[in-house]
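Please look over the model below before reading my notes. I have kept them brief.

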Amino acid sequence: MSLPQETIGNIPEETARVARAAFRGGNVAMRVRDELGAIYHDGAFATLFAVRGQPAESPWRLAFVTVLQFMEGLSDRQAADAVRSRIDWKYALALALEDPGFDFSVLAKFRARLLAGHAEHQLLDLLLERCTACHVLGVPKRSRTDSTHVLAAIRLLNRLECVGETLRAALNDLATVAPEWLRCWVPADWFERYSARFEAYRLPKGETERQSLAEQMGRDGFALMAAAYAAAAPAYLGQMPSMEVLRRTWIAQYWLDEGRVRWRKAGDLPPAGLRTDSPYDPEAHYATKRSTAWTGYKVHITETCDADQPHLITHVDTTLAATSDVDRTAAIQEALAKKALLPKEHLVDAGYVDADLLVTSMATHGVELVGPVRPNVSWQARHGHGYDVSAFRVDWDAQHVTCPQGNTSQCWTPHQDHWGNAVISVKFSHTDCRLCANRAACTKAKTAPRCLTLRPQADHQALHQARQRQATEEWQRRYHQRAGIEGTLAQGIRAFGLRRCRYIGLARTHLQHVATAAAINLVRLAGWYNDQPLAKTRTSRFAALAPAC
């Protein structure tokens, strides 16, 4: 398919007349079209199409339809029907009333082109660029970021079900690409064991029987891999994705004891982030965050929160479920910098903050990272009457530390901790500590001297200053603005299906989140143009009685 040679024209007069008669007050699609004009243009998607070939459907219309589709939660078939039948969509897409639209399969093919060309971000970025050009969005003074979990579009499986389904999925794929090879090789009793889907009620109830079934499936899986990877087998069998998933799952779930297949105990399993929880979406993993447990992914949403501009989502980052929030802070700021939407203040929760990021965020981008840092968890700080790290005076040039009693450290050793962070170990003299009158306020060790672990100078000072700032009312007032991102997540979850995957795989899920963010922005822009006030935090009827009582 080639890029169509079509210019974005005006809305046909008959379409505009009928649409305005049907929607006297307008709606989201029509209002955004009136205020912003054509958000997308074909040139932005030129690299996704061949130079020659049959002209494709106009990419700018397909992009707009995709966003409208996610705004209303429609399937591909319903979205294609809306293009044919709904006058407000014809108005927004500048189509004549008699335009027949396109087949619903075109939308799936367009999404595939976006993913293949790594252009899914255009759905959001082009909208933001248009908002900037129309002076609706400027360089934000303040933005905020938070994350939420996303449930994969798979059936949750226990270990035994997962192993059985993984082997069954591999057999189904082999039956598709190499039916004759599989028919000549597969044992007859496998048809009874792996033809039907594995369900919990069909599995043995006793622990011994379940162990026996698990080891039987383990032997079958090793036998299948040996046959598929053998020199006599077709080479492409071992390159199938389902065979790779089978190999990784067997490594995680089994071990060989002198040639005998053994089922791993729960304590011997690798971390959840390294295990495959379903053969049908290998990138979806089990994860926990406080009391929440899920299998799927995680999405990070960043939005502006200036009072004089609409609150628009400026970046979406979809990650694996086990990815820590703090590992994405720098990447999010880098992405915002490329869009020229980097704020002066970046409001985040404690999960996105550490001492190194406080320094690099300001040094690299000139952005103040505003979020609660980890408190000093030493017993001295918690009790409030001991000598914590802040009570010691550090001379960075001379590389020594002076304790509250005036004694100087004897050892200064830079090294890396278990997590690879640069730290400095400081140790005081045995004699000074043993004879100190305030030893009980400094250390609980019976004979060992006081030891400190410091971060590098910039990190240490940034952490100390941040702990002092966040204890002030002025900092609390600034940080109070971060709470609004919770409302954005709630809007995305309740009104736009943000928490449930529509597709399989990380890349497709990210495309869903980008389109959802663009759809949320359309709704917010329409509300901004209509002078619709921002919703306030809801208060239950019972809670509202508290002041009166």
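1. Start with the surface. The chain exposes about 28300 Å². Carbon and sulfur atoms supply 53% of that area. Keep in mind that this is a predicted model.

2. Next, the overall build. The chain has 549 residues, and 46% of them count as buried. Its C-alpha trace spans about 95 × 70 × 60 Å along the principal axes. Look for 21 helices and 13 strands.

3. Now the contacts. Take those between residues at least 6 apart in sequence. Of these, 69% join residues at least 24 apart.

4. Then the charges. There are 66 positive side chains and 58 negative ones. The centres of the two sets lie 4 Å apart.

5. Turn to the inside. In soluble globular proteins, nonpolar side chains tend to be buried together. Here the largest nonpolar core has 70 residues. Leu36, Tyr40, Phe45, Phe64, Leu127, Leu522 and Leu525 have the most contacts inside this core. Helix H20, residues 506–529, gives the most to the core, with 12 residues.

6. Finally, zoom in on Tyr40. Which residues does Tyr40 touch, leaving aside neighbours within four places in sequence? Its contacts include Ile8, Phe45, Trp60, Ala63, Phe64 and Val67. Gln122, Leu123, Leu126 and Leu127 are also in contact with Tyr40.

Technical notes. Residues numbered from 1 in each chain as written. Predicted model: local features only at pLDDT ≥ 70, side-chain atom pairs only at ≥ 80, totals over all residues. Heavy atoms only, no water. Helix = DSSP H or I, 4+ residues; strand = E, 2+ residues; numbered from the N terminus. Buried < 20%, exposed > 50% of the residue type's maximum accessible area, 1.4 Å probe, protein only. Contact = heavy atoms within 4.5 Å. Areas by Shrake-Rupley, 256 points an atom, 1.4 Å probe, with all protein chains shown as cover. Lys, Arg positive; Asp, Glu negative; His and termini not counted. Charge placed at Lys NZ, Arg CZ, Asp CG, Glu CD. Core = buried A, V, L, I, M, F, W, Y, C linked by side-chain atoms within 4.5 Å.
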